[in-house]
Amino acid sequence: MRSYGSARNKTTCGHIIIKRSRVLTSMLPYHTILYRRRNTIDDTITMTLFIAIAATLLASHQVHAFASPLTHGNRAMPKRTLCQAALSSLDNELSTWAASSNFGTIDKSVPAGSSGWASFRKVYVTDPPTNHNGKEVSFFVKSSSRSCKDMFYGEALGLQAMYACSGGDGADGDGDALRIPKVYHYGDYSDGRGSFLIMEYLNLSGRSDDRALGKAMARMHLSPPTKEAGNPNSSFGFEVDNTIGGTPQPNPWTKPNSGTKEWIEFFRDHRIGHQLNLAGDSYCSNLWEQDIAPRLHLLFQDLHDEKEIRPSLLHGDLWSGNIGSADGKPSIFDPAVYWGHHEAEWGMSWCTSFGPDFWDGYRSMILHDDGFEMRESLYELYHQLNHYNLFGEGYMSSMSWCAGFGSQFWEGYRSLIPQDEGFLDRKPLYDAYHQLNHYNLFGGGYIGSARSHLENLKRKLDAKTSN
């Protein structure tokens with residue numbers, strides 16, 4: 001959960017806002033939710049709600065006691081000026097890139113939504129390249145205040161690897177290929193204020209043919225590690241560390257020609273062990289270190305010799321919000337790519353709604369291995385822990401990620417209803433209602449689910465040991 005200063009400051013902030021603002025109390029007709037669960041919501045959760053609303057009030061200047069405006073010289077710099085400065089930096093970078101790539105000048109740049117970590121734009125140039133169908137290419141641009149190394153470098157290399165392993169733009173005409181956007185450029189702003197990633201803009205629509213998606217995913221998983229795909233030594237890991245959501249994801253290479261033994265060590269140390277270190281939950285850590293990690297190899301007893309695990313390129317963060325279709329083919333995007341066991345791809349299957357058609361397509365190319373159900377909890381555990389590290393205890397974070405709204409949705413919506421000034425300032429208030437409702441519906445959320453997965457793994461290993 002994100003820190004907002006000392007506990008003393010949090011309490012003071014909440015107290016002053018409640019005492020001094022009639023606006024806040026009118027905004028909380030559902031305040032009894034806070035205590036409905038017999039005081040099971042602790043002070044941290046309560047303060048999270050207060051802080052979210054405090055940010056809203058501060059941004060709209062409802063509470064001036066906490067205002068601390070940024071200054072430029074001896075004058076306060078308005079928030080609008082800061083936004084314009086960031087946008088100006090991006091515009092300059094895009095203009096320079098277009099000219100150096102012989103794409104002419106920037107013809108149009110349109111806002112296309114945002115996530116918790118980046119902003120999106122659709123960009124047109126005056127002399128665009130064409131794709132394999134002879135259609136002019138427009139561009140999807142991601143930008144962030146963080147450095148390219150921290151934010152986009154890993155994503156860019158991941159997209160390039162998926163492009164190489166999936167048939168890219170489908171120029172070969174293979175119906176089993178994923179439609180992956182081509183990466184054109186990535187880097188830091190020249191003024192050091194942020195970074196950006198430029199890729200081909202795909203006219204994305206919803207999932208259409210799950211069987212085709214299953215076969216296309218299998219094709220990517222079966223693609224051999226090569227120099228072109230960024231893995232000349234057939235190792236687990238990836239060229240760079242990247243992020244899964246906003247969480248750092250370490251990807252050190254294992255030894256060349258790695259197999260099952262190296263995969264177990266990689267996943268133990270750089271996936272579950274890494275997430276547990278970030279989570280700081282002693283119950284989970286003790287259960288993992290004492291009862292599960294020492295016996296982890298038992299879950300992979302059937303995967304040796306002719307069934308030895310070999311590196312497959314994984315999307316790494318596959319859920320319904322990252323799946324669509326483009327140009328009549330299935331497409332996946334926003335990856336957290338690395339080379340791993342193909343089964344690890346399904347750690348988010350609880351949030352993908354894969355049905356029989358998908359699995360029929362996938363299993364027509366990659367057969368079901370013995371022990372898959374035994375390993376399922378292990379691969380889901382990684383994502384449960386990551387969600388806990390991203391969103392905190394339960395659901396005290398933005399719920400809008402559940403909707404999976406992408407640039408196409410917001411472009412259509414904003415074509416009819418322009419964004420009102422202050423929308424992003426009010427968003428935490430509206431999120432708070434659903435966050436509290438989800439907590440009341442589902443309780444402890446991600447860490448509770450992670451504990452259940454660990455306990456389930458322990459039971460499975462106990463059963464194998466007793467046999």
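How many helices and strands are there in the chain? There are 15 helices and 13 strands, where helices (H or I, at least four residues) and strands (E, at least two) are DSSP runs, numbered from the N terminus. Before going on, keep in mind that this is a predicted model: local features need pLDDT of at least 70, side-chain atom pairs count only at pLDDT 80 or more, and totals for chains, interfaces and linings use all residues. Residues are numbered from 1 along each chain as its sequence is written, and side-chain values use heavy atoms, with hydrogens and water left out.

Let's take the whole chain. Of its 467 residues, 48% count as buried; buried means under 20% relative accessible area, exposed over 50%, and partly exposed in between (1.4 Å probe, protein chains only). The accessible surface comes to about 22800 Å², and 50% of that belongs to carbon and sulfur atoms. Such areas come from the Shrake-Rupley method with a 1.4 Å probe, and for residues only the protein chains shown count as cover. As for contacts (heavy atoms within 4.5 Å), take those between residues at least 6 apart in sequence: 71% of them join residues at least 24 apart.

Now for the inside. Gln-275 sits in helix α9 (residues 260–279) and is buried, because its relative accessible area is 0%. Leaving aside residues up to four places away in sequence, Gln-275 touches Ile-244, Thr-247, Tyr-382, Leu-385, Asn-386 and Asn-389.

Helix α12 (residues 372–391) holds Glu-376, which is partly exposed, with a relative accessible area of 30%. Glu-376 gathers with Asp-302, Asp-370 and Glu-373 in a patch of negative charge on the surface.

There's a nonpolar surface patch too, about 320 Å², made by Tyr-413, Leu-416 and Ile-417. Leu-416 is in the loop between α13 (407–414) and α14 (423–442) and counts as exposed because its relative accessibility is 73%.

Finally, a look at backbone angles. Most residues other than glycine have a negative phi. Asp-305 has a positive phi of about 55° although it is not a glycine; Asp-305 is in the loop between α10 (282–292) and β10 (312–314), and at 66% relative accessibility it counts as exposed. Asp-334, also not a glycine, has a positive phi of about 50°. The loop between β12 (329–332) and β13 (338–340) is where Asp-334 lies, and Asp-334 is partly exposed, with a relative accessible area of 32%.

Terms used: Patch = residues over 30% accessible without salt bridge, like charges linked within 9 Å, V, L, I, M, F, W, Y side chains within 5 Å. Salt bridge = Lys/Arg side-chain N within 4 Å of Asp/Glu carboxyl O. Lys, Arg positive; Asp, Glu negative; His and termini not counted. Charge placed at Lys NZ, Arg CZ, Asp CG, Glu CD.
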